[in-house]
Amino acid sequence: MIPEFPNFKALEVTDQCDIASFTDQAEPYSDFTFTSLWCWDVGHTVALSQLNGNLVIRFKEYEGDAHFYSFFGTHAVVETATTLLSFARQHGMEARLRLVPEFVAANGGLLRTALDVAEDPANFDYILSIEDVAALRGGKYVMQRNHVNHFTRTYAADVRLIDMDDPRIQREMIAVCLHWAHEKDVIALPETGFELSAVQRLLAAGQRQDLIAFAVFDAAVMRGFAVYEGLHCGYAILHFEKTDRTYRGISPYLRQQACDYLHKHGYLLLNIEQDLGIPALTFAKQSWRPCRMLKKYSLSEKGAN
């Protein structure tokens, strides 16, 4: 069970259902899904609590070593936010809540009256229409369609569902990650090692029915993979996608094929997570023509900025 604030517990595999009891009440924001929390908790620093019926999470920055608090829920939002801000200050942390979902920040205008509320565009989640990506019709998808057509004309490759509990599949997935990093010349960067550790945590945790993994094979060799999760409300989320970039068009081909499968199995919307303000990621995600964004906000005391 998740303890009552101010007590916290470390994140464990067994917390999945308890976290979902909070997060399934709203649209799926990427940072709050159990899979995302688990995979990226490489340093074992994520901590959970509940306050006023809301889920409270201590996060570590994606790009840095600092920690911060956020919460998910709409109960006594002003009291919850001010309590967490005071708690953060008392523990030597920046008095700022981050990754606060829009449905929380927009709660009756109460937060904006009591606190400074600021959009955090670098952490907005991009939402795609799965049906549109599966079909790739129209002018807005001409770039992706051209890439997919080139790939299918050039390579005798195919996309298959894979079993991430299979040790051979796990080794091939890690090999794809390493090849991608070498090919991009980022193997020595700390964030590359961090992401590889996140993939390894996913594989070590064991397969779950809500995870759907695809891979592109050419001549029986894995050339790319993608891991999706089926969520509630017709949503799916893309957690990891790595491909051999020497195969031109492989990434659009893999995503189109995965979305075709998801569409046939009743999924409607795909969360491809945030761009972290990285220009190359921003361009790549916007090129898929998101149908909407799940906005997130930071909260601080009036005048703190």
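The legends below describe close-up views of a predicted model. Local features in this predicted model need pLDDT of at least 70 and side-chain atom pairs count only at pLDDT 80 or more, whereas totals for chains, interfaces and linings use all residues. Residues are numbered from 1 along each chain as its sequence is written, and side-chain values use heavy atoms, with hydrogens and water left out.

**View 1. An open sheet of seven strands with mixed pairing.** The strand order is β8-β9-β10-β11-β12-β7-β13, where strands (E, at least two residues) and helices (H or I, at least four residues) are DSSP runs numbered from the N terminus, and two strands pair if DSSP finds at least two bridges between them. The edges are formed by β8 (158-161) and β13 (292-294), each of which has a single partner strand, so one side of each is left without a neighbour in the sheet. From one strand to the next the twist averages 30 degrees, with axes taken as lines fitted to C-alpha atoms and angles running from 0 to 180 degrees between N-to-C directions. Strand β9 (residues 211-218) pairs with strand β10 (residues 221-230) in the antiparallel sense over eight bridges, and Leu211 has Glu229 of β10 as its bridge partner.

View 2. Strand β7 pairs with β13 in the antiparallel sense over three bridges, and Asp125 stands opposite Leu294 of β13. Strand β7 also pairs with strand β12 (residues 269-271), in the antiparallel sense and over three bridges, with Leu128 opposite Leu270.

**View 3. The largest pocket, with about 1800 Å³ of space.** A pocket is an open set of points on a 1 Å grid over the protein atoms alone, where a 1.4 Å probe fits, with protein on both sides within 12 Å along at least five of seven lines, and lining residues have an atom within 4 Å of a point. Of the 47 lining residues, Trp180, Glu195, Glu241, Lys242 and Leu281 are the closest to the centre of the largest pocket. Elements that give two or more residues to this lining include α7 (142-154), α9 (190-204) and β11 (235-243), and β11 supplies the largest share, six residues.

**View 4. The second largest pocket, with a volume of about 240 Å³.** Its lining has 18 residues, of which Ala20, Thr23, Asp24, Glu229 and Leu231 are the closest to the centre. Two or more lining residues come from each of α1 (16-23) and β10, and the largest share, five residues, comes from α1.

**View 5. Cysteines in a structure that holds zero disulfides.** A disulfide is a pair of cysteine sulfur atoms within 2.5 Å. The sulfur of Cys233 has its closest cysteine sulfur in Cys291, 14 Å away, which is too far for a bond. Cys291 is in no disulfide either, the nearest cysteine sulfur being that of Cys259, 11 Å away. Cys233 counts as exposed at 54% relative accessibility, and Cys291 is partly exposed, with a relative accessible area of 47%.

Key
Buried < 20%, exposed > 50% of the residue type's maximum accessible area, 1.4 Å probe, protein only. Points joined across faces, edges and corners; volume = space filled by probe spheres on them.
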